[in-house]
Amino acid sequence: MDFTAFNERMVCEDKIKRYEAEGIPLGYEFKMRYPTYRGAYVCNVEELNVTVDGRRIAPQDMRFGVNGKWFLMSQIPELNTEYWFTGSKATMRILDEKGISDGRHTVKVEMKHKIPYTGYFGNYLVVDSDCEKTLDVE
């Protein structure tokens, strides 16, 4: 099966939202989907990289939100009970005290992930997915 057909859906068309507390900029966030026709446990994500306007975001500056819960990037390998459902939007939050300027911004997500139902005898199909979109700020 060609899993690359789902790549274009990984970064959602939703606008980038500012993340603030009492008017103080803390960062911004955008929506994303798991890039296959089936959902998977979050621990199947082996690598997740985000680039915004050509700047690679450090893992310590990213938070991953799914099912109403927030996780550090370092927690993803352990999330074997947290399911990311097909079509469900997760939120990628970028911590940046400068916030984000108005206008359009290029967001790129690169993900290396296991296809869980291919794990016969411990050998999983691992797929590289990527998606780049230009999004407006809300």
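This is a predicted model: local features need pLDDT of at least 70, side-chain atom pairs count only at pLDDT 80 or more; totals for chains, interfaces and linings use all residues.
**Notebook: a sheet and a core**

I started with S2 and S9, which pair in the antiparallel sense over six bridges.

Next I looked up who sits across from whom. Tyr-28 has Ile-94 in S9 as its bridge partner. For Glu-29, the bridge partner in S9 is Arg-93.

Then I checked the S1 side. S1 and S2 run antiparallel too, joined by five bridges. Here Lys-17 stands opposite Glu-29 in S2.

Two residues lie between the strands, and Glu-22 takes a positive phi near 50 degrees.

What is the order of the strands in the open sheet? I wrote down S1-S2-S9-S6-S7, five strands with antiparallel pairing. S1 (17-21) and S7 (69-72) are the edge strands, each pairing on one side only. From one strand to the next, the twist averages 30 degrees. My reminder from class: sheet strands pair through backbone hydrogen bonds, either parallel or antiparallel.

Last, I turned to the largest nonpolar core, which has 32 residues. Phe-30, Met-32, Leu-48, Phe-64, Trp-84 and Met-92 have the most contacts inside it. S2 (24-32), S4 (45-52), S6 (62-66), S9 (90-95), S10 (104-120) and S11 (123-136) each supply at least two residues of this core. S4 gives the most, with four.

Leaving aside neighbours within four places in sequence, Phe-30 touches residues including Ile-16, Val-50, Met-92, Ile-94, Val-107 and Leu-135. Class reminder: in soluble globular proteins, nonpolar side chains tend to be buried together.

Conventions
Residues are numbered from 1 along each chain as its sequence is written. Side-chain values use heavy atoms; hydrogens and water are left out. A nonpolar core is a set of buried Ala, Val, Leu, Ile, Met, Phe, Trp, Tyr and Cys residues joined through side-chain atoms within 4.5 Å. Buried means under 20% relative accessible area, exposed over 50%, partly exposed in between (1.4 Å probe, protein chains only). Contact means heavy atoms within 4.5 Å. Two strands pair if DSSP finds at least two bridges between them. Axes are lines fitted to C-alpha atoms, for helices over the stretch in contact, and angles run from 0 to 180 degrees between N-to-C directions.
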